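Hello,

Here is the structure I promised to pass on. Have a look at it, and then read on for what turned up.

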Amino acid sequence: MNDASLVAPLTPQATAAPGLAGRLRRYLLVLRFALLNVVAFGLLAATWAQGWLDGAASGETLWLSGVIGAVFLYGLALCTLQVVAVNRALDHVRGGHPRPGSTSAEYLHAIHGRPADARVVQAGLLRLRIVHPTAVVRHVASALVFLGLVGTVIGFIVALSGVDPALTGNVDKVAPMVSTLIHGMSIALYTTLFGAVLHVWLMVGYRMLATGCVQLYDATVALGEERVGG
C-alpha cells in the first residue's frame with residue numbers, strides 16, 4: 001500500500017464545504033439578526049395563539065398597543081436596513097475592496113500617506129461615522145419603554161376614574177367600580193408588558209448591529225494600516 005492510498009480523495013461535499021462556510025461567514029450578521037426575529041415572531045405568534053394577548057386587543061389597550069407596535073416596527077425596519085448595510089460594507093472591507101464612496105473607502109483615502117498621529121484622528125472620526133446612524137435605533141428602543149409607562153399612567157387614571165369613596169357602602173355601586181378598576185389595571189399591565197418586551201427585542205437587535213459596527217471599524221482600520229505598512 002503506497003502513501004497516496006492513505007489519503008482519501010476529496011468528495012464534492014468536502015470541497016464545497018469551505019465555500020459554503022465562507023458564504024455563511026460573509027452573511028453571518030444578517031443570518032444572526034434574521035434568526036433572532038424569526039424566533040421572536042414565532043414566540044409572539046404562539047403567545048397570541050394561546051390567547052394570552054386577547055386582553056390587549058380591545059378598547060383603549062388596542063390603540064395604545066398599536067402605537068407601541070408601530071413604533072417598534074419602525075425601529076425594527078431601521079435596524080434591519082442598517083444591519084444589511086453594515087454586513088455588506090464589512091464583506092467588502094474584508095475582501096480588501098471597500099465600495100467607492102463608502103465610509104471605509106473615504107477613511108482609506110484620508111489616511112493615504114498620512115503620519116501615525118493623523119491616522120489616529122481619522123480613526124476616531126471613522127468610529128463616529130460608523131456608530132452615529134445606529135443611535136436612532138437605540139432612541140426608538142428607549143421610546144418603547146416610555147410609551148409603555150404612558151400606558152401605565154393611562155391605565156391607572158382609567159382605574160381610579162371609576163372609584164368613588166362615597167359609594168363604597170352601596171353594594172349595587174361596588175360591582176361597576178370593581179369592573180372599571182380591573183379594566184384600568186388591565187390597560188396598565190398590558191401596555192407596560194408590551195413596551196418592555198418590544199424594548200428588549202429591539203435592543204438585542206441593536207446590540208447585534210453595534211457588534212457589526214465594531215467589526216467594520218476594526219476591519220477598516222486593519223486594512224488601512226496594512227496598506228500603509230505595505
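**Salt bridges**

Arg129 is partly exposed, with a relative accessible area of 43% (partly exposed lies between buried, under 20%, and exposed, over 50%, using a 1.4 Å probe and protein chains only). Please keep in mind that this is a predicted model, where local features need pLDDT of at least 70, side-chain atom pairs count only at pLDDT 80 or more, and totals for chains, interfaces and linings use all residues. Residues are numbered from 1 along each chain as its sequence is written, and side-chain values use heavy atoms, with hydrogens and water left out.

Which residue does Arg129 meet in a salt bridge? Its partner is Glu106, at 2.5 Å from N to O (a salt bridge is a side-chain nitrogen of Lys or Arg within 4 Å of a carboxyl oxygen of Asp or Glu). The pair links distant parts of the chain, with Arg129 in helix H5 and Glu106 in helix H4, 23 residues apart (helices are DSSP runs of H or I with at least four residues, numbered from the N terminus). Glu106 is also partly exposed, at 36% relative accessibility.

The whole structure holds 3 salt bridges. Another joins Arg26 to Asp91, with the closest N and O atoms 3.0 Å apart. Arg26 lies in helix H1 (residues 12-26) and Asp91 in helix H3, so this pair ties together parts 65 residues apart in sequence. Arg26 counts as partly exposed at 39%, whereas Asp91 is buried at 18%.

Glu225 pairs with Arg119, again with 3.0 Å between the closest N and O atoms. Glu225 is in helix H7 and Arg119 in helix H5, so the two tie together parts 106 residues apart in sequence. Here Arg119 is buried at 13%, while Glu225 is partly exposed at 33%.

**The core**

Of the 35 residues in the largest nonpolar core, Phe72, Cys79, Tyr107, Leu202 and Leu209 touch the most other members (such a core is a set of buried Ala, Val, Leu, Ile, Met, Phe, Trp, Tyr and Cys residues joined through side-chain atoms within 4.5 Å). H7 gives the largest share of this core, 13 residues. Leaving aside neighbours within four places in sequence, Cys79 is in contact (heavy atoms within 4.5 Å) with Phe33, Val137, Leu202, Gly205, Tyr206 and Leu209.

**One more residue to look at**

Thr61 lies in helix H3 and is buried at 1% relative accessibility. Beyond its neighbours within four places in sequence, Thr61 contacts Gly55, Ala56, Ile187 and Tyr190.

Best wishes
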